[in-house]
Amino acid sequence: MTKVTANKAREIMRKEAKMIESAKRMVNASEHCLDELLWAAWMIIAANGAQPDEAEYTLFHYLTLISSESGVSAKTLDEIRNTVEVDYSKIWSMLSQISDAAPIYRACTVMAAVDGKITSQEIDVLRRLADCCGEAFDEQELHEKAKQWRR
């Protein structure tokens with residue numbers, strides 16, 4: 001019984017460490033557009049409506065912590081904390097003004113995959129986000145990324 005408990009604890013700690021490492025990579029790659037990164041990540045969480053996943057919230061928590069240390073505006077953090085209904089038009093407008101939004105798209109693919117599955121709502125948002133960011137959308141790649149988080 002002790003071994004089973006220890007193995008489960010190790011699994012949980014590894015996943016959490018992987019989330020922290022992923023959040024750091026996301027922030028480092030998006031240093032020029034941290035506010036937009038957080039809004040886009042929040043949009044992925046909101047895509048699932050009333051059933052967001054705990055893993056997505058956990059990754060978003062680390063993303064906001066690391067972003068706040070890296071200079072994201074306090075105004076953005078406050079706005080996200082107080083947002084109930086996502087204003088998609090505002091986010092799309094923000095994203096369309098970034099010259100290099102590819103890191104945001106890549107970060108959002110991780111955000112969608114972290115729970116080990118990709119929903120049809122996330123696919124719809126990611127497809128539009130890929131277009132907005134000038135990236136190629138690859139649904140198979142998304143499912144492979146999700147599979148990696150299930151391990």
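The model is predicted, so local features need pLDDT of at least 70 and side-chain atom pairs count only at pLDDT 80 or more, while totals for chains, interfaces and linings use all residues. Residues are numbered from 1 along each chain as its sequence is written, and side-chain values use heavy atoms, with hydrogens and water left out.

**View 1. Lys8 pairs with Glu11 in a salt bridge.** A salt bridge is a side-chain nitrogen of Lys or Arg within 4 Å of a carboxyl oxygen of Asp or Glu. Here the closest N and O atoms are 3.4 Å apart. Both residues lie in helix H1 (residues 2-29), three residues apart, about one turn of the helix. Helices (H or I, at least four residues) are DSSP runs, numbered from the N terminus. Lys8 is partly exposed at 45% relative accessibility. Glu11 is partly exposed too, at 46%.

**View 2. Asp115 forms a salt bridge with Lys117.** Their closest N and O atoms are 3.3 Å apart. Asp115 is buried, at 14% relative accessible area. Lys117 is partly exposed, at 41%. Buried means under 20% relative accessible area, exposed over 50%, and partly exposed in between (1.4 Å probe, protein chains only).

**View 3. Glu144 and Lys147 form a salt bridge.** The closest N and O atoms are 3.7 Å apart. Helix H8 (residues 139-150) holds both residues, three apart, about one turn of the helix. Lys147 is partly exposed at 37%, and Glu144 at 34%.

**View 4. Lys75, Glu79 and Lys90 are linked in a network of salt bridges.** The whole structure has eight salt bridges.

Technical notes: Helices (H or I, at least four residues) and strands (E, at least two) are DSSP runs, numbered from the N terminus.
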